[in-house]
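Visitor: I would like to learn how to read the packing in a model such as this one, feature by feature. Could you take me through it, giving the general idea before each case?

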Amino acid sequence: MRTCILDGNLITDKKSLHDTLSASLLLPDWYGRNLDALYDCLTDIQEETEIQILNPENLEAHLGSYALSLARTIYNASQENTRINYNYSS
C-alpha cells in the first residue's frame, strides 16, 4: 500500500503541496501540479493508496480556500476510485 501524508504543519504553499503529492504518490511526468491534474492521476491509481490530511486547520491557514478544494478533490477521487482510502484528521 502506498501512503501519502499531507501535514498542514509542513506544507506551507502550493509548491510544497504538489512536491509532496508528486513524490509520495509517484505521479507521472505529465502531472500538471494543479487539482484537475491531481484528480486525473488519483482516479487512474491502480494500487491501494492511503491519503491522510493531518492538521487541516494549518493547511487551510497556509493555502486558504485551496486547501478546501484539495480536500474536495481527494474525496471525489476516492469516491470514484475505490483503491484510494482518504482520511482527514484534525
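**Helix packing, sheet and cavity**

Guide: Please bear in mind that this is a predicted model. Two packed helices are described by the angle between their axes and the distance between the axes. Here helix H3 (residues 56-63) and helix H4 (residues 65-80) pack at an angle of about 125 degrees, and their axes lie 6 Å apart.

Visitor: Which residues in H3 and H4 meet?

Guide: From H3 come Leu59, Glu60 and Leu63, and these meet Ser65, Tyr66, Ala67, Leu68 and Leu70 in H4. Sorted by class, the residues of this contact between H3 and H4 comprise six nonpolar, one polar and one charged.

Visitor: How should I read the sheet, and what is the order of its strands?

Guide: Strands of a sheet pair through backbone hydrogen bonds, either parallel or antiparallel. In this model the sheet is open, with three strands in the order S1-S2-S3 and parallel pairing. Its edge strands, each pairing on one side only, are S1 (2-7) and S3 (84-89), and from one strand to the next the twist averages 10 degrees. Strand S2 (residues 49-54) pairs with S3 in the parallel sense over six bridges, and Ile51 stands opposite Tyr86 in S3. Helix H1 (residues 14-25) packs on the sheet, where it touches S1 and S2, and the direction of H1 makes about 165 degrees with that of S1.

Visitor: What is the volume of the largest cavity, and which residues line it?

Guide: Rolling a probe the size of a water molecule over the atoms shows where empty space is left. In this case the count comes to one cavity of 30 Å³ or more, and the largest cavity has a volume of about 40 Å³. Its lining consists of Ile53, Pro56, Leu59, Glu60, Ala67, Leu68, Ala71 and Tyr88, with H3 and H4 being the elements that give two or more residues to it. By class, that lining has seven nonpolar, no polar and one charged residues.

Technical notes
Residues are numbered from 1 along each chain as its sequence is written. This is a predicted model: local features need pLDDT of at least 70, side-chain atom pairs count only at pLDDT 80 or more; totals for chains, interfaces and linings use all residues. Side-chain values use heavy atoms; hydrogens and water are left out. Two strands pair if DSSP finds at least two bridges between them. Helices (H or I, at least four residues) and strands (E, at least two) are DSSP runs, numbered from the N terminus. Axes are lines fitted to C-alpha atoms, for helices over the stretch in contact, and angles run from 0 to 180 degrees between N-to-C directions. Contact means heavy atoms within 4.5 Å. Ala, Val, Leu, Ile, Met, Phe, Trp, Tyr, Cys and Pro count as nonpolar, Asp, Glu, Lys and Arg as charged, and the others, Gly among them, as polar. On a 1 Å grid over the protein atoms alone, a cavity is a set of points where a 1.4 Å probe fits but cannot get out, and a pocket is an open set with protein on both sides within 12 Å along at least five of seven lines; lining residues have an atom within 4 Å of a point. Grid points are joined across faces, edges and corners, and a volume is the space filled by probe spheres set on the points.
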